[in-house]
Amino acid sequence: EDMVNSKFDILISSTGGVGSTFFIDFIAKFKNVNPNNFAVGTSPYKHASNPPSEDFIKKAIFLYGDPYNAVLSINRRKIEFIHLRNRGKIGYHRDLDEPIDLKEFLGSGHDPFGMEEQFESWLNSEVSYPIMFLKYEKIWENIDRIYRFLELPIESMDAFPKRLARNSDWNRVDESIKSVLESVYGSLKNRIDNLPDILIKE
């Protein structure tokens, strides 16, 4: 069966660089969720530009987080071009795992991933299912609310993956990288910092 086109009840989507892989893997033990494993550029779900309108989707979680750290995480794993293809941003034909100079990559002042546009589109879309907007940094303080929303078996809560130290931290990069992150993602970071840990759009 074509995994990418199979139906599922729970959609988990994200901006990228915010833990969606571990999150989908865990939730998939209990619920029928969108696939985590797919050929580059073939899944319309994991990093969807806006909430899909498929009628089989019952609930969604949109994972997002500090955009500086998300971009650093993508850069650290050398997956910029993979992520661009997964976001449907075509026209990038470099080697998929080519290391990227972040200052050069963001140098135009333009966000190649379209994170802000994706985020606003999710926040402002009207769909038939409820969406939980969940900050990556606040997952562990809100496991009970995630469990209630997804109706997961409470007895499995202890098995939820433990928080690991973030490998990508913008506080530890040099000033020139900080300033390029700020020029491209500063307004989005500000907007995210001012939102609650969890927002549920019914």
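## A covered strand

How many of the residues of strand β3 (residues 131-135) are buried? In this predicted model, 5 of its 5 residues are buried, so β3 is described as mostly covered. I131, F133 and K135 point one way from the strand, while M132 and L134 point the other way, and all are buried.

Strand β3 belongs to an open sheet of 4 strands, which follow the order β1-β2-β3-β4 with mixed pairing. At the edges are β1 (10-14) and β4 (198-201), each of which pairs on one side only. On average, neighbouring strands of this sheet are turned by 15 degrees against each other, direction ignored.

Strand β1 pairs with β2 (residues 59-64) in the parallel sense over 5 bridges, and S13 has F62 in β2 as its bridge partner. Next, β2 and β3 also pair in the parallel sense, over 5 bridges; here L63 stands opposite L134 in β3.

## An enclosed helix

Now turn to helix α2 (residues 67-76). It is largely enclosed by the rest of the structure, because 9 of its 10 residues are buried. The buried residues are P67, Y68, N69, A70, V71, L72, S73, I74 and N75. They pack against α3 (80-86), α4 (102-105), α5 (115-124) and α7.

Both ends of α2 have a detail to look for. At the start of the helix, a side-chain oxygen of D66 comes to within 2.8 Å of the backbone nitrogen of Y68. Just after the helix, K78 takes a positive phi of about 55 degrees.

## A loop with exposed residues

Finally, have a look at the loop between α6 (143-150) and α7 (175-193), where A165 lies. Is A165 buried or exposed? A165 is exposed, because its relative accessible area is 69%, and a residue counts as exposed when this value is over 50%. The C-alpha atoms of A165 and W140 are separated by 12 Å, and the two residues are 25 residues apart along the chain.

E151 is found in the loop between α6 and α7 as well. With a relative accessibility of 57%, E151 counts as exposed. Its phi is near 55 degrees, a positive value in a residue other than glycine.

Technical notes: Residues are numbered from 1 along each chain as its sequence is written. This is a predicted model: local features need pLDDT of at least 70, side-chain atom pairs count only at pLDDT 80 or more; totals for chains, interfaces and linings use all residues. Side-chain values use heavy atoms; hydrogens and water are left out. Helices (H or I, at least four residues) and strands (E, at least two) are DSSP runs, numbered from the N terminus. Buried means under 20% relative accessible area, exposed over 50%, partly exposed in between (1.4 Å probe, protein chains only). Two strands pair if DSSP finds at least two bridges between them. Axes are lines fitted to C-alpha atoms, for helices over the stretch in contact, and angles run from 0 to 180 degrees between N-to-C directions. Contact means heavy atoms within 4.5 Å. A polar contact is a pair of N or O atoms within 3.5 Å; within protein, one must be able to donate a hydrogen and the other to accept it, and residues adjacent in sequence count only if both atoms are side-chain atoms.
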